[in-house]
Amino acid sequence: FCKANVIGITGTNGKTTTTRLIAHIVKTMGHRVGFTTTDGIYIQNQMVEKGDCTGPLSAEFVLRDPTVDFAVLECARGGILKAGLGFHNCDISIVTNVAADHLGLKDINTLEEMARVKSVVAESILPEGTCILNADDDLVYDMRRNIKGNVALFSLDENNPRIIKHTEGGGLAAIVENGYVTICKGTWKIRIDKVINIPLTFSGKAVFMIQNILPAVLAGFIRGFKVDDIRLALETFIPSPTQTPGRMNMFQFRNFNVMVDYAHNPAGFQAIARFLDRIEAKPKVGIIAGVGDRRDEDIIQLGTVASQMFDEIIIRQDKNLRGRSESEIIDLMMKGIQSDDPKKKVMIIPKESEAIDHAIKNAKKGAFIVICSDVVPDALEQILKYKEEEDNFASHKED
């Protein structure tokens with residue numbers, strides 16, 4: 001294997017964005033980066049393999065490439081359970097959070113058991129390496145007990161007692177204070193950048209994105225990158241179909257807005273709900289689906305959260321039903337929606353492309369349409385086509 005710097009990233013939500021942001025920071029520093037994500041393997045920004053590449057074979061592929069001197073590897077639950085990590089040790093490990101998703105699969109039935117799986121990545125650091133943990137998440141914070149190396153923490157709350165205790169003891173942490181992403185240790189603080197200056201935060205409205213930024217900033221700082229360089233990387237990482245496909249991709253049409261996101265579990269939906277609370281738009285329309293290999297209660301909860309978020313809902317179905325019938329998934333979603341609001345406006349359009357067509361063609365002025373997509377590249381292509389048509393129509397009118 002190559003003698004690359006290796007960063008391993010795991011968690012329930014935020015893994016892919018954190019991976020891509022770190023890869024961008026490292027690339028900005030002039031390194032030759034290989035990284036793996038849920039949408040593919042990338043070597044020096046070229047996609048060399050398409051698909052979910054978060055397992056050990058993808059990690060090995062990157063680490064065998066002689067041109068790579070820095071590997072940033074997203075490590076998902078499925079791959080770890082099946083065949084481990086694909087590497088023995090890493091220099092830095094990151095755990096973003098542990099939330100209810102994939103429970104009831106492969107004998108993992110509780111959040112504690114899921115945390116045990118994720119902790120495999122945390123504990124894989126070299127003795128001189130650093131494990132970066134989310135101090136706002138009890139299960140993730142507890143992983144520090146088994147770390148045979150350094151521990152760094154991050155938190156959205158500068159007054160989190162865990163952070164205060166950790167930094168007073170000489171530990172390294174990243175927090176948000178006075179509107180700044182800040183690194184602290186002992187009595188000193190270094191302000192990296194204003195939250196509202198970082199495009200990924202959508203002017204500070206997307207709080208859950210800050211949770212992806214903090215560990216990425218810590219990773220850069222631990223590697224010895226200069227603060228100015230980290231700041232430049234943060235400000236040039238634009239949430240878009242190219243840099244963050246399927247992660248809060250926004251499209252402004254003349255009379256309405258569309259956002260594409262990969263959110264597919266209650267925690268992901270709740271993060272988007274907090275974002276929607278901060279924006280002025282009416283009606284808020286959601287195109288959603290239940291995932292077949294989740295527990296009944298998870299699919300029902302997805303419906304409940306969706307009902308609280310959206311004024312109107314279109315239920316579609318995933319390409320892969322994962323062991324359930326279409327009607328079974330829809331019934332469970334409806335149960336959740338109706339438990340929150342029996343009068344909620346709901347349509348069922350099974351095919352994703354047709355659901356998107358319907359939402360865009362019937363969009364009301366001032367609407368905000370959220371597409372929780374199953375096949376992100378197809379959804380993005382479809383929306384870009386509509387955007388192009390609108391732009392062409394506008395320029396013809398001006399002519």
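Asn212 touches Gly14, Thr17, Thr18 and Leu21, residues up to four places away in sequence not being counted, where contact means heavy atoms within 4.5 Å. This is a predicted model, in which local features need pLDDT of at least 70 and side-chain atom pairs count only at pLDDT 80 or more, whereas totals for chains, interfaces and linings use all residues. Residues are numbered from 1 along each chain as its sequence is written, and side-chain values use heavy atoms, with hydrogens and water left out.

Asn212 lies in helix H7 (residues 207-222); helices (H or I, at least four residues) and strands (E, at least two) are DSSP runs, numbered from the N terminus. With a relative accessible area of 5%, Asn212 is buried, a term that stands for under 20% relative accessible area, as against exposed for over 50% and partly exposed in between (1.4 Å probe, protein chains only). The side chain of Asn212 also makes a polar contact, at 3.5 Å, with the side chain of Thr18; such a contact is a pair of N or O atoms within 3.5 Å, of which, within protein, one must be able to donate a hydrogen and the other to accept it, while residues adjacent in sequence count only if both atoms are side-chain atoms.

Strand S1 (residues 5-10) is mostly covered, 6 of its 6 residues being buried, and the cover extends to both faces, with Asn5, Ile7 and Ile9 buried on one side and Val6, Gly8 and Thr10 on the other. S1 pairs in the parallel sense with strand S5 (residues 70-74) over 5 bridges, pairing requiring that DSSP find at least two bridges between two strands, and in S5 it is Phe70 that stands opposite Asn5. A parallel pairing also links S1 to strand S6 (residues 90-95), over 4 bridges, with Val95 in S6 as the bridge partner of Thr10.

S10 is in turn joined by 6 bridges to strand S11 (residues 188-194), the two running antiparallel, and Val181 has Asp193 in S11 as its bridge partner. In the hairpin of S10 and S11, which has 2 residues between the strands, Gly186 takes a positive phi near 55 degrees.

In helix H12 (residues 352-361), the buried residues are Glu352, Ala355, Ile356, Ala359 and Ile360. Seen down the axis of H12, these buried residues fall within an arc of 125 degrees, so they line one face of the helix, the arc being that of the directions from the helix axis to the C-beta atoms.
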